[in-house]
Amino acid sequence: MNGLRGYPRPDGRKGIRNYVLVAYLVECAHHVAREIAGPLRDEGVHLVGFPGCYPNDYAQSMMRELCTHPNVGAVLLVSLGCESFNRTRLEHEIQAQGRAVQTLVIQETGGTRATIAEGRSWVAARRAELDREDTVPMAVSDLVIGTICGGSDGTSGITGNPAAGRAFDMLIENGAACIFEETGELIGCEHIMAERAVTPDLASELVASVEKAAAYYDTLGLGSFAAGNAAGGLTTIEEKSMGAYAKSGNSPISGLLKPGDRPPGGGLYLLDVVPDGEVRYGFPNINDNAEIAELIACGCHAVIFVTGRGSVVGSAISPVVKVCANPDTYDRLADDMDVNAGRILRGDATLEDVGREIRDNLLGLACGHKTRSEELGHQEFILTYKSFEPAGPSCLPAF
Amino acid sequence: MKEDANGSRTGSVLLLDERDNVLVTGRPLRRGQVLEIDGDRVETLSDLPIAQKIARCAIRAGDGVIKYGVRIGTATAAIAPGEHVHLHNVKSDYTPSIRADGTTAEKDS
C-alpha cells in the first residue's frame, strides 16, 4: 500500500494535514481565539493555546513545536497583551519555518469584537491559500507515529495494545519513527523494557526514567491509575503497565525523548513525560490529551489511541486513530472507533490481523482518509505547566 | 485459549503466559460455571465480566501474583483455584490503586 501524499515543509518534513492554527497565549485570549476559529473549525482551522500568565520554558517550546508542526500551514497568535508569553519570539520561530503567521494583540486591536473580526478575515484568507497548495509523494519513512492508551481495562493489554505493537513493528520495518510513552504507566516493567535498548547506557536511562516516574507518583500519593481501570478488571499499576507496555511492540528501543524532541531517524522511541526535578506542578499529565499534545509536539503525524473503557477524544493538529480493545465497549461506541480489536476475544481476528488493520488505517490518513474523531469534530487540546532538563547524550546513542 | 504465531486469543479463559498463576476471562462467566484448568475441573465462585483474573492454582497470602509472566502485585489473602483475583485480595508492590468509590485499595485491605 502506498500513494501517501504530504505537504512539503522547509525543514524537510511533510504534513498529512494542512491546518490553520489559532493559538491563544493566555486564557484571557481564549474566548477571542475560539470565536475566530469557530466558523471554520470543520474546514481545517484548529485551536490550541497555553492558559498560564506566567512564563514557562516547557510551554514556550511546546508551542514552538506545535506551531511549526508539519500538519500546520499557517498560524494566528492571539495575545491579550500583558501576559508573560514571549509572543515575538514565537512569531519569529514560525516565520523562520516558512509559515504565514500573524499576531493579534487584543489590547491593541480594539478589544473583543474588533479582534474577532480581524482574526476571522486573516484566517479565511490563509485557509483559501492553503487549499490551493499541492501535495508531494511521501514515504512510510517520512512518518512519525505515536501511541497512547487511555480508559484502559483488562482487555487493553490482551488485544488493543499488543495489536498496536504489531502495527509499530510493521511501520518501523519500513523506516517510520514510532513513539510510545507514559513512563508512569511502565512502572514494574522497566527492566524487561531496558533489555531492548540498543546500548547499555540507554538501558540505564530507560530504567532511570521509570524510577523517576515512580518517585514522582509516590510523592503525589497516587499512581497513574483511575477508578475506571479497577472497574475494568485491572488491579495494580504493575498490571496496567504490562498491558500498556505491549503497545511498544518488539522492535529494539533506539532512544529516549523529552516532550518536543523530534526523533532523529526511524525506529522506536520512549517519550519521558514525567517532569524533572522536585514535584512542582501537580500531576505529570492531567489527562490523555496532555500526553497526545506531547506526542504531537515530537512531530507525530498521527496517534494510535487504544481504549478499553471507551474514550471518545481526538486532538487538534494530528488525527487520532482509536482502537477499541473491549468487544462490549465497541458494541456500545462503534461510531467513535476506527478499529475493533475486541473481535480478537470473540475469535474473529488475530493480533496480526488487527495490527495490519491499524497500520493500514494510519497509512490511509496520508491518502485523504479521516478518522472517526476527525469526522465527529473532536479537536481536544490541553497544555499546562511542566519543567524538563534536556535529554542526556546517552539517550540517542545511534545518532 | 488457543494462541498461535498470528496471535489468536479466544476462549472462556485465557492463559497469557505459561508462568502465570492467574487466568483472564475472555468472555463473561456465570457463577457455578465449570472450567477446565490444567486438567482439573474448577467451578467459578462468582459472576465475572470480561477481562477479570481468576486463580489458576491456590495462591497463598504473601505470594506474588503473576500475569504476562511477570509479578503484578502481592496476594493479601489466600486465593482458591477459580476464585476472582482483584483489589480485595491483591495489592500493588508500588503505589496504591484507586477503587470506584474513591478509596484506595490498601487502606481497607
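Where in chain B is H86(B) found? In this predicted model, local features need pLDDT of at least 70, side-chain atom pairs count only at pLDDT 80 or more, and totals for chains, interfaces and linings use all residues. Residues are numbered from 1 along each chain as its sequence is written, chains are lettered from A and ligands numbered from 1 in the order in which they are written, and side-chain values use heavy atoms, with hydrogens and water left out.

H86(B) lies in the loop between β8 (84-85) and β9 (90-91) of chain B. Helices (H or I, at least four residues) and strands (E, at least two) are DSSP runs, numbered from the N terminus. The relative accessible area of H86(B) is 10%, so this residue is buried (under 20% relative accessible area, with exposed being over 50% and partly exposed in between; 1.4 Å probe, protein chains only). The side chain of H86(B) reaches the backbone oxygen of A230(A) at 2.7 Å. Residues up to four places away in sequence aside, H86(B) touches (heavy atoms within 4.5 Å) A230(A), G233(A), L234(A) and T235(A), as well as Q52(B) and K53(B).

E182(A) sits in the loop between β9 (177-181) and α7 (190-194) of chain A, and is buried, with a relative accessible area of 1%.

How values were computed:
A polar contact is a pair of N or O atoms within 3.5 Å; within protein, one must be able to donate a hydrogen and the other to accept it, and residues adjacent in sequence count only if both atoms are side-chain atoms.
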